[in-house]
Every structure is written in structure tokens, then in C-alpha cells.
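User: I have a model open and want to go through it piece by piece. Can you take some quick questions?

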Amino acid sequence: LIDVNINLNAKEIPVGGCAENTPKLHSGFTDELEKPNCSNPTSCLFCENYVVHSDEEDIRKLMSLKKILSMSDKTDEAIIVTNRINEIFTILLDKYPETKNIFINVATSVNDGNFDEYWKDHLNLLLDLGVSFYD
């Protein structure tokens, strides 16, 4: 597992938090990965400065993104991002086992369509543009 910063003070972003607006690929990843770019929130998951909080808000952000990715085409990028989200969840649960009920409640809620606002707006935009899911 490639480690992640947890519960540090950070600026809020669509996938969690950012400790510093200087994108830098986390040293655990190979240079084959695209370098993080602050204008692409999913790339933040691979940045040295990415921070996830062990709270309902960040867990909902990540689960919302993961759900949208699961509904879309299984591109290489979607698979890589989904794997990173799973890795972050594993790290969070290992370090904060008391968050298990938060994970269960948020997963149920997201499966019922209660997405994080940013990702809900993103999904609605894609739907408005005619992107089809589950083909």
C-alpha cells in the first residue's frame, strides 16, 4: 500500500484535502503515472500533498467518485483511480477501525444515490451532455 496523509490541516478539495498547492507525484508511484494536476481532482489521489480525513465528508467524496467510476466505461484511468481509492479506504480502516460504521452508512447512502454535492453535480453534467452509463 502506498501511504496517504491522514487528518492533516488542509484546503478542502473534491477528493479530500490538499496540504500544499504544489502538485508532486507521491514517491511511491512510478513516473509512468501522469503527474498530479490541481485542475484534475482525481489526479490529487496520487500527489504527495493529498490529505484524506477519517470523517464522513471525505469518505462520501471518495465513495461518490468510486460509484461514478463503477458506472462508467472501465478505462485504464478509471481502474487506476478506483484501485487508489480502495487502497486509501484500506489504509483508513486499518488506522481508524472505529470508522467502519461510517463506511457502511456512507456506502449504503451513496448506493441509494446520495452523492457528495461536487460529484453529484459532475454526474448531472455528464448526464446532461448525453454520456450514457451501464451500456
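User: Where is K61 found?
Analyst: K61 is in helix α1, which covers residues 56–71. Keep in mind that this is a predicted model.

User: Is K61 buried or exposed?
Analyst: K61 is buried, because its relative accessible area is 3%, and the cut-off for buried is under 20%.

User: What does K61 touch?
Analyst: Leaving out residues up to four places away in sequence, K61 touches E12, I13, P14, V15, G16, D116 and W119. Of these, E12 and I13 fall within the range of β2, residues 11–13.

User: OK, the sheet then. What is the strand order?
Analyst: The order is β1-β4-β3-β2, in an open sheet of four strands with mixed pairing. The edge strands are β1 (5–6) and β2 (11–13), each pairing on one side only.

User: In which sense do β1 and β4 pair?
Analyst: They pair in the parallel sense, over two bridges. Strand β4 spans residues 50–52.

User: Which residue is the bridge partner of N5?
Analyst: The partner of N5 is V51, in β4.

User: What about N7, where is its place?
Analyst: N7 sits in the loop between β1 and β2. Its phi is near 60°, a positive value in a residue other than glycine. Most residues other than glycine have a negative phi.

User: Zooming out, how do the elements run from the N terminus on?
Analyst: They run β-β-β-β-α-α-α-α, which is four helices and four strands.

User: What is the radius of gyration of the protein chain?
Analyst: The protein chain has 14 Å, and a compact globule with 135 residues would be near 14 Å, so the two agree. Along the principal axes, the C-alpha atoms fill a box of roughly 35 × 35 × 25 Å.

User: How much of the chain is buried?
Analyst: Buried residues make up 43% of the 135 residues. The accessible surface comes to about 7,700 Å², and carbon and sulfur atoms hold 50% of that.

User: And the contacts: what share joins residues at least 24 apart?
Analyst: That share is 69%, counted among contacts between residues at least 6 apart in sequence.

User: Last one, charges. How many positive and negative side chains?
Analyst: There are 12 positive and 23 negative side chains in the protein chain. The centres of the two sets lie 3 Å apart.

Note on methods: Residues are numbered from 1 along each chain as its sequence is written. This is a predicted model: local features need pLDDT of at least 70, side-chain atom pairs count only at pLDDT 80 or more; totals for chains, interfaces and linings use all residues. Side-chain values use heavy atoms; hydrogens and water are left out. The radius of gyration is taken over C-alpha atoms; the globule rule is 2.2 Å times the number of residues to the power 0.38. Buried means under 20% relative accessible area, exposed over 50%, partly exposed in between (1.4 Å probe, protein chains only). Contact means heavy atoms within 4.5 Å. Accessible areas come from the Shrake-Rupley method with a 1.4 Å probe; for residues, only the protein chains shown count as cover. Lys and Arg count as positive and Asp and Glu as negative; His and the chain ends are not counted. The place of a charge is taken as NZ of Lys, CZ of Arg, CG of Asp or CD of Glu. Two strands pair if DSSP finds at least two bridges between them.
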